Amino acid sequence: MTILLLVEPLLENYSELPNAITAGAKRIALADNLAVGGTTVSKGVMGEAVRYAHEHQIMLDLIIAPRGGNTPYNDVEIKMMEADLLEAQQLGVDGVIFGALTTQHQLDQEALSPLIAAAGGMIMTFSLDFDSIRPQDRGVALDWLADQGFEHILSAGTAGKDRVTDWTASKRLADADGLTLIPANVSAKEAIALSDQLGTNIFYGPHVLDF
C-alpha cells in the first residue's frame, strides 16, 4: 500500500516560498536565520508570506524565536515572542512553532503560559526543544502540552544514537496524549523509508522536499 507523505519544508524567509509551492508543498514552515536554528521573520515578511500562501491554499506555520541558540529565554525575550505571536494571529497565520525550557531541560511552564495564550486560534507545535527534554521526563511534558492545546511535537530523534528508536519511544508517548510526533530534519529520500518504520506520514525540515 502506498502511503501519501505529508511533508512540511522549513524555508528560510519568503524567497523560497513560491518554489516550494510549485514543488507540491501543502504546508510550509517559515523562519529566518536557519544557520542558528531559526528565528521569527519580520512583520513585513510574515504578512506577505501569509497572503501568498493563502492565495495558493497553503497552510503556513511560523517559527517563533527571538534568537538562535538554546533556551531558557529571559523575560524580555518572552515578551518579544508574545508580541510576535499576537502579530501572527492578527495577520492570519495558521500555525506557530515555539518552545521554552528551563536550565534543567524541563518545560518552562511559566514562560510558555503567556505564549500559549497569545497563540489562541492558531495550531501550536512544540519546537525541537523537545529533544533536550530527558527521555524519562517526556511523558509528563507531553501530558502538559496536550492539556494546553498543543497538537504537534517536533523531534529530530537525537536523544540516543538511533533516531528510529528515539522517535518510536516518543511517538508512543505522544500518541497516548493525542499528540502527533513529527520527525524532523530528514531528507526527502529518508522520509519514504521512515514512513514504513515509524507508521507515520508527516515529516518536517529544510531538506524534506526536493525543489
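This is a predicted model: local features need pLDDT of at least 70, side-chain atom pairs count only at pLDDT 80 or more; totals for chains, interfaces and linings use all residues.
Local features are reported only where pLDDT is at least 70, and side-chain atom pairs count only at pLDDT 80 or more, while totals for chains, interfaces and linings use all residues. Residues are numbered from 1 along each chain as its sequence is written, and side-chain values use heavy atoms, with hydrogens and water left out.

Two packed helices are described by the angle between their axes and the distance between the axes. Helices here are DSSP runs of H or I with at least four residues, and strands are runs of E with at least two, both numbered from the N terminus; axes are lines fitted to C-alpha atoms, for helices over the stretch in contact, and angles run from 0 to 180 degrees between N-to-C directions. Helix α2 (residues 43–55) and α3 have axes that come within 10 Å and cross at roughly 30°, which makes α2 roughly parallel to α3 (angles under 35 degrees count as roughly parallel, over 145 as roughly antiparallel, 65 to 115 as roughly perpendicular and the rest as oblique). Lys43, Met46, Gly47 and Val50 of α2 meet Asp84, Glu87, Ala88 and Leu91 of α3, where contact means heavy atoms within 4.5 Å. By class, that contact of α2 with α3 has 4 nonpolar, 1 polar and 3 charged residues, with Ala, Val, Leu, Ile, Met, Phe, Trp, Tyr, Cys and Pro counted as nonpolar, Asp, Glu, Lys and Arg as charged, and the others, Gly among them, as polar.

Helix α3 (residues 75–91) also packs with helix α4 (residues 109–118), at an angle of about 15° and with the axes 8 Å apart, so that α3 is roughly parallel to α4. The contact is made by Ile78, Met81, Glu82, Leu85, Leu86 and Gln89 of α3 and by Ala111, Pro114, Leu115 and Ala118 of α4, and its residues divide into 8 nonpolar, 1 polar and 1 charged.

The pockets come next. A pocket is an open set of points on a 1 Å grid over the protein atoms alone, where a 1.4 Å probe fits, with protein on both sides within 12 Å along at least five of seven lines, and its lining residues have an atom within 4 Å of a point. The largest pocket holds about 480 Å³ of space, a volume being the space filled by probe spheres set on the points, which are joined across faces, edges and corners. Of its 27 lining residues, Gly37, Gly38, Ser127, Leu128 and Asp129 lie nearest the centre, and the lining divides into 14 nonpolar, 10 polar and 3 charged residues. The second largest pocket has a volume of about 210 Å³, and strand β1 (residues 6–12) supplies the largest share of its lining, 3 residues.

Most residues other than glycine have a negative phi, and most peptide bonds are trans. Glutamine 57, in the loop between α2 and β3, has a positive phi, near 55°. Threonine 71 and proline 72 are joined by a cis peptide bond with omega about 15°, and proline 72 is placed in the loop between β3 (59–63) and α3.
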